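This briefing reviews a protein model by topic. Please consult the sequence and the structure shown below alongside the text.

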Amino acid sequence: MTDDRILPLLPRVEVTRRDALKLLAGGVAALEAGCLEKPGERELVPYVIEPPEHRAGVPVRYASALTLDGFGYGVLVDTHEARPTKLDGNPAHPAVLGGSLAWLQARILDLYDPQRSRVAQLRGHDAAWPHLAAKLRALPPGPLWLVMPPQSSPTIGALLGRIARHHQLRVSYHAPLGRTNAYRGAELVYGKPLEVRPDLSRADVVVALDSDFLAWGPAAAAMARAFAARRAPGDRMNRLWVAEPMQTPTGTIADERLALPARDLAALLVVVAQACGVAVPNPSVRAAEARLGGRVAWARRLATDLKRARGAGAIVVGDRQPPEVHALARMLDHELGNPVALTPPALLDPLGGTPLEDLAREANPGTVIVLDCDPVYTAPRLHLGPALARATLSLHVGLFRNATTEACAGHVPLAHDLETWTDPRAVDGTLAIGQPAIRERFEVASIIDVLAALVGDRNDARTLVHDQLRGDAPLEAFDASWTAALRAGVVPNTAAQPTDAQPTWRSNDALAALLAPTSGIEIALAPSPSVHDGRFAPNAWLQELPHPITKQTWGNAALMSPATAQSLGVENEDLVRVATRAGEITLPAMIVTGAAERSVTIELGFGQHAPAIADGIGTDAYPLGDFLDEGSLARASGTRRIPRSQLWTSQEGRDLAPVMTLAHLRHELPKMAELRGPQPSLLPERQWRGVQWGMSIDTSICTGCSACEIACVAENNIATVGPTEVARGRIMHWLRIDRYVDDGGRIVNEPMLCQHCEDAPCEYVCPVNATDHSPDGLNEQVYNRCIGTRFCQNNCPYKVRRFNWFAFEKDDDRALQYNPDVTVRSRGVMEKCSYCVQRIRGAEHRAIVEKREVKVGEVVTACQAACPTGAIQFGQLAEQGTPFAAMRRDPRRFEALHDLGTRPRTQYLAKVVNPKEEP
Amino acid sequence: VITLICAPMIYIRTDYAGGVNDPVTQPIEFDHRHHVRDDGIDCVYCHDTVETEAFAGLPSTERCMGCHGQVWPDSPETAPLRASWENHTPIRWKRVNALPGYAYFHHGVHVQAGIACERCHGRVRDMARVARAHNLTMNFCVNCHRDEQKSRAITHLTTCTTCHR
């Protein structure tokens with residue numbers, strides 16, 4: 001694995017003493033010349049016609065939408081001179097409520113990815129999209145097969161209806177990690193597929209079964225917000241029960257957690273359901289109890305708690321669990337009267353349309369168009385290659401060239417969501433208008449463009465989306481509501497109305513099959529929290545994002561419990577061979593405390609061959625077949641290095657991140673006073689006058705989802721360094737999420753960034769004063785003054801300072817994403833979190849121009865804006881009546897490494913958990 | 001060795017090296033003297049964000065054409081302007097004053113603080129072709145910031161992140 005793709009090759013130069021002196025003089029001159037350029041060297045290029053909303057240098061915010069697996073996510077796009085540079089969740093959109101997810105933040109990079117496909121091709125020759133569109137318009141009626149991710153867009157739905165009138169249309173909605181099982185489960189009990197949305201704001205007891213609902217899924221950000229709102233220690237604090245085979249972000253903030261193989265969850269749910277009064281046949285209960293063994297007690301405790309909280313519970317089941325488990329959970333919901341909204345699914349065909357297997361078997365598929373997915377990679381068992389070869393015309397439409405491109409006759413570059421018009425629905429049905437924030441960068445086509453060509457419609461995507469929303473409304477009357485919808489990013493009153501459906505239980509046989517005794521080791525495949533099903537593998541930010549649990553970057557591993565690893569005789573990074581009925585793969589092992597026994601989790605989306613960034617990163621787990629299967633595990637010879645950003649998870653007996661229980665809060669809280677406040681110091685006392693800034697982070701509601709980490713990368717032009725450099729400890733992230741595991745398996749996520757110490761150890765070791773303190777309490781890093789001694793990094797007890805070992809900055813397309821308000825650093829300088837000083841100074845400048853003080857809440861850091869649970873708050877130390885002000889007075893507050901006397905401006909709130917009291 | 005290091009450091013700070021008073025040839029022979037003195041057009045008419053934003057703002061071709069569509073509509077001097085308008089290609093002006101990428105300057109706050117344009121730009125109204133009036137080194141900025149900090153009791157004027165972010 002080389003890093004040539006990341007690092008520029010350094011020239012080799014042989015130098016004599018005389019040359020060295022020349023170079024020295026020349027170097028000094030060049031260095032200095034970089035500071036001062038001659039007049040007329042650069043250009044100033046004004047608009048020919050300036051857009052009315054444009055003010056030079058001031059970002060313009062547009063509301064738009066992203067789509068993932070069919071569901072819409074409302075975003076606000078910051079554009080600098082028509083260049084989108086940053087995404088944030090749209091507060092008005094019900095799926096995000098202003099919060100972010102890591103992938104949502106990272107989508108901005110895809111827009112400028114130099115690996116993006118730029119030209120359409122047909123049979124090995126460059127072709128133009130308009131030419132191909134003409135070909136599609138001229139397509140004679142006949143068999144037509146569309147393979148694409150699930151869709152919720154009404155415009156796409158209408159176009160598909162029109163296509164079906166011309167062609168024998170079959171559509172396969174292909175999402176390797178789709179929600180089909182949940183819909184089938186609903187179908188089992190309600191007779192039709194329904195979206196089941198628990199109301200977390202009314203839930204005292206929340207149960208997550210093999211579900212990472214706080215960090216994953218179409219409403220994860222909104223659910224995390226609702227969940228966190230009930231998390232303040234006190235009478236209304238909810239209790240989270242999690243049973244899962246692998247540690248997940250949701251599991252890290254569980255109050256009661258059981259490590260259980262995913263295939264045993266059916267047994268768990270049967271025992272709970274029966275104890276709560278659901279009529280489950282007795283043989284099933286006995287089989288379930290036999291499956292669970294000693295873990296029955298946990299299930300009984302959970303059942304007691306659910307019964308106590310009758311009418312105020314929520315049960316979330318993971319997407320890969322079989323439909324029967326979903327169905328049983330719905331019966332349990334009904335029995336307990338849990339607050340759930342049942343709505344018609346937002347997707348056009350929630351059950352997935354024609355199965356992809358049919359395409360593989362089809363002798364005469366006709367025209368096959370694969371849109372925005374890579375089924376050759378994600379469904380290797382189907383061997384789609386021959387089917388695509390049999391097609392009269394096979395076309396792949398994608399953002400990048402991938403395995404499916406190679407199997408198709410033609411390829412069309414796909415428009416990025418920010419380059420085209422879309423109208424996806426959120427999971428609750430709310431319609432969002434995704435408007436372009438930039439003109440199409442290449443000759444690209446959107447899904448709507450391709451479908452429109454198939455019906456011979458020459459309208460552009462804007463007209464189609466506009467007319468679809470307008471319906472029969474008169475144009476003049478519609479105009480105002482269209483503008484309002486564009487401005488808000490959502491169309492009001494489009495959420496689906498809850499339906500009233502009575503469940504009936506009728507799947508005893510299938511359930512009995514799930515409870516049959518098993519042998520062998522469970523091989524559980526899971527989505528990657530960073531690269532999803534593989535579609536984000538080209539995204540370097542996501543590849544380098546440390547895994548929330550294992551802290552692995554750039555790749556995947558066979559994740560197993562310490563006992564499983566011991567029985568195999570493997571340690572971290574030893575290669576293991578994993579085999580199922582479908583296939584086998586070899587990859588490095590990784591030991592995870594909190595993983596279930598006899599269960600191995602492997603994340604999907606890695607081991608692709610194209611594009612270049614993804615090539616050879618990690619191991620492809622799709623050949624293993626089903627998501628939950630039995631298989632075998634054996635040690636293979638050799639090891640493979642796993643680049644990780646955190647190697648040690650023990651607090652070593654220190655109070656780095658304290659945890660306390662709600663029941664014992666009264667005894668624990670006084671101890672926190674010893675972890676904050678001034679320490680004796682030899683340093684001169686400083687007077688802090690005027691506005692003072694600070695940050696507070698609540699570790700109770702930090703799930704470790706890492707949205708903040710990517711938001712920081714996007715905002716502050718942070719470099720990606722590649723696997724080799726990460727393994728050397730040179731990852732550049734200003735904000736990392738430290739994870740501590742105590743002996744009981746209790747986990748604390750502690751976002752760690754520059755603490756902006758009032759007595760900062762970095763400042764007094766810098767020989768050139770490149771790091772200094774501002775009067776408003778910021779620890780400043782001055783890149784142009786830094787000479788790279790790294791003394792500050794060495795003296796920083798929090799290890800948050802990052803050094804540019806190489807010139808990681810880019811000057812290709814990717815540079816278009818750079819935030820112009822933040823300096824792009826180059827080789828040889830130190831950098832670190834600045835509390836988003838560009839936003840602070842920006843707010844001050846606005847205040848000066850408007851002749852007022854900086855308003856409370858006016859400065860929001862990038863991480864704070866991204867956090868879906870509101871765990872990160874930033875503000876002025878003197879402010880009143882805000883969440884930040886409340887956190888500054890919270891008795892749980894403490895300062896990290898308080899005993900060192902650094903007096904950090906960043907404070908943490910200790911984690912409080914709410915386990916069920918033993919009777 | 002000391003000479004080798006110091007000589008370029010001194011040279012680079014001279015007005016000569018900084019091109020001070022060196023008029024820059026622009027794609028259009030735009031004469032500030034004529035527009036400001038003869039026509040009495042206020043600076044802010046063209047540099048319209050100078051009082052509020054970081055960038056002073058540069059007029060779009062459309063704004064120039066607002067007058068020059070009728071004033072001198074067929075002069076050879078304004079031909080590049082008309083070409084820009086008709087072909088929809090922007091005018092590529094040469095930048096006279098430039099700061100390095102790690103220094104951030106906000107025109108709006110300086111104007112609000114009563115700093116006259118001349119303080120940094122010189123008497124542009126007297127320039128046929130605009131030239132740099134001062135070498136915009138950190139020394140030039142900080143001298144002023146130090147004085148202002150003393151006289152106005154503003155705490156932040158000389159802290160690093162005022163300009164470097």
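Is Asp264(A) buried or exposed? With a relative accessible area of 6%, Asp264(A) is buried, because the cut-off for burial is under 20%.

**Confidence**

- The mean pLDDT of chain A is 92, and 96% of the residues reach at least 70.
- Residues 1-11 of chain A have a pLDDT below 50, although this stretch has 27 contacts in the model beyond near neighbours in sequence.
- Where pLDDT is low, predicted coordinates should not be read in detail.

**Salt bridges**

- Over all chains, the count of salt bridges comes to 56.
- Asp264(A) pairs with Arg295(A) in a salt bridge, with an N to O distance of 3.6 Å. This pair links distant parts of the chain, its two residues being 31 residues apart. Arg295(A) sits in the loop between helix 9 (282-292) and helix 10 (296-308) of chain A, while Asp264(A) sits in the loop between strand 12 (256-259) and helix 8 (265-276) of chain A.
- Whereas Asp264(A) is buried, Arg295(A) is partly exposed at 25% relative accessibility.
- Asp199(A) and Arg202(A) form a salt bridge through their side chains, at 3.6 Å from N to O. Asp199(A) is partly exposed, with a relative accessible area of 24%, and Arg202(A) is exposed, with a value of 51%.
- In the salt bridge between Glu858(A) and Arg852(A), the closest N and O atoms are 3.1 Å apart. Glu858(A) has a relative accessibility of 19% and therefore counts as buried, the cut-off being under 20%. Arg852(A), at 24%, counts as partly exposed.
- A network of salt bridges links Arg61(A), Asp78(A), Lys86(A) and Asp88(A).

**Cavities**

- The whole structure contains 10 cavities of 30 Å³ or more.
- The largest cavity has a volume of about 650 Å³. Its lining comprises 46 residues, of which Pro149(A), Asp372(A), Cys373(A), Leu414(A) and Arg535(A) are the closest to its centre.
- Two or more residues of the lining of the largest cavity come from each of strand 2 (60-68), helix 2 (102-112), helix 13 (375-378), strand 16 (393-398) and helix 16 (447-454) of chain A. Strand 16 of chain A gives the largest share, 3 residues.
- The lining of the largest cavity consists of 21 nonpolar, 16 polar and 9 charged residues.
- The second largest cavity has a volume of about 110 Å³. Of the 17 residues that line this second cavity, Cys702(A), Cys705(A), Cys708(A), Cys867(A) and Pro868(A) lie nearest its centre.
- By class, the lining of the second largest cavity has 13 nonpolar residues, 4 polar residues and no charged residues.

**A buried loop residue**

- Thr902(A) lies in the loop between strand 33 (893-894) and strand 34 (906-909) of chain A.
- Thr902(A) counts as buried because its relative accessibility is 2%, against a cut-off of under 20%.
- Neighbours within four places in sequence aside, Thr902(A) contacts Cys757(A), Glu758(A), Asp759(A), Pro761(A), Pro797(A), Tyr798(A) and Leu897(A).

Methods
Residues numbered from 1 in each chain as written. Chains lettered and ligands numbered in written order. Predicted model: local features only at pLDDT ≥ 70, side-chain atom pairs only at ≥ 80, totals over all residues. Heavy atoms only, no water. Salt bridge = Lys/Arg side-chain N within 4 Å of Asp/Glu carboxyl O. Buried < 20%, exposed > 50% of the residue type's maximum accessible area, 1.4 Å probe, protein only. Helix = DSSP H or I, 4+ residues; strand = E, 2+ residues; numbered from the N terminus. 1 Å grid on protein atoms, 1.4 Å probe; cavity = no way out; pocket = protein on both sides within 12 Å on 5 of 7 lines; lining within 4 Å. Points joined across faces, edges and corners; volume = space filled by probe spheres on them. Nonpolar A, V, L, I, M, F, W, Y, C, P; charged D, E, K, R; others polar. pLDDT = per-residue confidence, 0-100. Contact = heavy atoms within 4.5 Å.
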